[in-house]
Amino acid sequence: MMEYCKDVLSYLDSDTSIKILMSLDDLADLVRATCVSRSWRDIVIANGLCKQLCLRMFPQLSRVAFVVELNQNGAKEHAEVGSSYSMEWLSLLREHRVFAYLGRALMSSVAMNCIAKTVGASSTDNFPQESIDNTLEPRDHINGRYYYWSSNGQSNPNVPETLTYELVSPICVITEINIQPFQADFQIGSPIYSAKSVRFKMGHPKASLDATDDEMFVWTYTSPEFPMSKVFNISGLSTGFPLHNFCLIDFLMPDMKNEMWHFHEIDSWSTFFNVNIENRLQKFKLPEPVLCIGGFLQIELLGRIQRQEMDGLLYICVSHVQVLGGSLSPPFNVDILQPSGMFVLKRDQLADHQPVVTSGNESQEISAEQREVRDFQHIVTILSGQALGIVEDEWDEEEFDVDDFDPEYAL
């Protein structure tokens with residue numbers, strides 16, 4: 001049987017071999033493929049397959065100009081016997097290692113609140129009592145004092161507002177943004193000053209400090225628009241239900257079905273129903289995880305709903321904001337190249353990313369995290385060997401021993 005132990009890719013042309021390896025959708029499998037033989041390793045590295053897989057997962061990485069490895073502790077990439085390393089090959093090898101580590105860090109980052117501090121709001125009604133800093137406090141009132149941000153009042157319901165935050169690191173994976181509108185229990189009727197919808201932007205500061213420049217940031221990602229959740233009561237019923245639940249609407253008021261599709265266009269909602277905005281932390285999950293390069297996030301609050309009885313103006317107020325995701329620092333960092341907007345991706349070898357077990361009491365979740373740690377350790381071992389120029393020899397039919405084959409690296 002040993003005479004049939006051939007490298008299967010040796011029977012295929014290079015394009016077909018690349019397509020087969022590109023079908024792997026797990027960085028761990030792709031890195032293990034580099035240990036099968038020297039030819040497999042060369043295909044993966046020469047074609048930047050680890051980088052391509054990372055780009056498929058996070059398109060924001062298309063702006064990487066080049067990669068840098070820091071603190072290599074004197075490790076050198078030695079030339080292999082019978083071959084000569086060109087500068088281009090060394091660059092490809094370095095890029096392979098950095099993106100392989102990055103891919104595993106992206107997949108093993110732990111959900112946390114990524115807000116480091118506030119930057120500013122487009123307007124504030126009463127500063128500092130109603131400043132954006134209050135949105136970092138999860139409780140809306142403490143010892144009789146209310147914590148919230150309030151915009152200036154406007155007569156035009158279409159005037160937007162923005163809240164801008166700095167994140168915990170210049171490179172983060174963001175998956176979800178949570179917002180709780182503020183309910184003014186100290187006003188008659190306890191109104192909730194919500195926006196109609198929200199949108200999110202991520203990016204980095206501009207290099208220019210020109211005071212005439214109205215926009216201080218370059219936004220490299222803009223999310224879809226998300227409607228704020230609404231409930232309504234009919235004929236004084238105390239039980240509310242989501243506005244988008246048209247099955248229940250058909251049951252209770254079938255004649256109003258057509259009007260409900262344009263419910264958000266009605267100026268005086270109370271003409272038809274008693275409408276309220278939900279006073280809870282509303283979760284807005286992004287369509288796909290986003291790699292925030294630069295470490296800044298802006299929340300756009302679109303459309304005003306609630307008028308203040310005192311002055312007849314429309315306000316937007318926010319009680320609390322959370323930005324959920326994971327930080328990739330300190331193992332990874334970025335330098336923005338102005339004015340192109342490209343960036344340098346840097347990996348510090350002395351600050352390896354260690355996956356953290358997320359909270360949860362399910363044994364399956366714990367075992368999954370244990371597998372992540374095991375996979376990550378394998379990748380570290382493999383890539384550390386490659387950093388020193390240690391590679392697998394070509395398969396030798398006479399020396400190949402099935403009993404010595406490690407199934408951990410089987411595809």
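User: Where is asparagine 143 in the chain?

Analyst: Asparagine 143 is in the loop between E4 and E5. Those labels are DSSP runs counted from the N terminus: helices are H or I with at least four residues, strands are E with at least two. Before going on, note that this is a predicted model: local features need pLDDT of at least 70, side-chain atom pairs need 80 or more, and totals for chains, interfaces and linings use all residues. Residues are numbered from 1 along each chain as its sequence is written, and side-chain values use heavy atoms, without hydrogens or water.

User: What is the phi of asparagine 143? And is asparagine 143 buried or exposed?

Analyst: Phi is about 50°, a positive value even though the residue isn't a glycine. For the second part you need the classes: buried is under 20% relative accessible area, exposed is over 50%, and partly exposed is in between, using a 1.4 Å probe and protein chains only. Asparagine 143 has 81% relative accessibility, so it counts as exposed. Serine 190, in the loop between E8 and E9, also has a positive phi, near 45°. Serine 190 is at 24%, so it is partly exposed.

User: Which peptide bonds are cis?

Analyst: One joins phenylalanine 127 to proline 128, with omega about 5°; another runs from glutamine 338 to proline 339, with omega near 0°. Proline 128 is in the loop between strands E3 (115-121) and E4 (141-142), and proline 339 is in the loop between E21 (332-337) and E22 (342-348).

User: Now helices. Why do residues three or four places apart point the same way?

Analyst: In helix H4 (residues 49-57), the buried residues are Leu49, Cys50, Leu53 and Cys54. Down the axis they fall within an arc of 140°, so they line one face of H4; the arc is taken from the directions between the helix axis and the C-beta atoms. Their cover includes helices H1 (14-22), H2 (27-33), H3 (38-46) and H5 (87-108), where contact means heavy atoms within 4.5 Å.

User: Which residues does the F-box annotation cover?

Analyst: An unreviewed UniProt entry gives "domain: F-box" for residues 17-56, and such annotations may be inferred rather than shown by experiment. That span is 75% helix and 0% strand, and its end C-alpha atoms lie 19 Å apart.

User: And strands? What does E10 pair with?

Analyst: In a regular strand, side chains alternate between the two faces of the sheet. Two strands pair if DSSP finds at least two bridges between them. E10 (residues 195-205) is antiparallel to E17 (296-304) over eight bridges, with phenylalanine 200 opposite isoleucine 299. E10 also pairs antiparallel with E11 (217-222) over five bridges, where methionine 202 stands opposite tyrosine 221. Two further antiparallel bridges join E10 to E12 (226-227). Eight of the eleven residues in E10 are buried.

User: How many aromatic pairs are there?

Analyst: A ring pair is described by the distance of the centres and the angle of the planes. Here, Phe, Tyr and Trp rings (six-membered ring for Trp) pair if their centres lie within 6.5 Å; under 30 degrees is stacked, over 60 edge-to-face, the rest tilted. The count comes to eleven. Among them, tyrosine 148 and phenylalanine 182 are stacked, 3.9 Å centre to centre with 10° between the planes. They sit 34 residues apart in the chain, and both are buried. Tyrosine 193 and tyrosine 315 have centres 6.4 Å apart and planes at 90°, so that pair is edge-to-face. The two tyrosines are 122 residues apart, in strands E9 and E19.

User: Which arginine lies over the face of tyrosine 101?

Analyst: Arginine 347, at 3.5 Å from the ring centre. The rule wants NZ of Lys or CZ of Arg within 6 Å of the centre and within 35 degrees of the ring normal.
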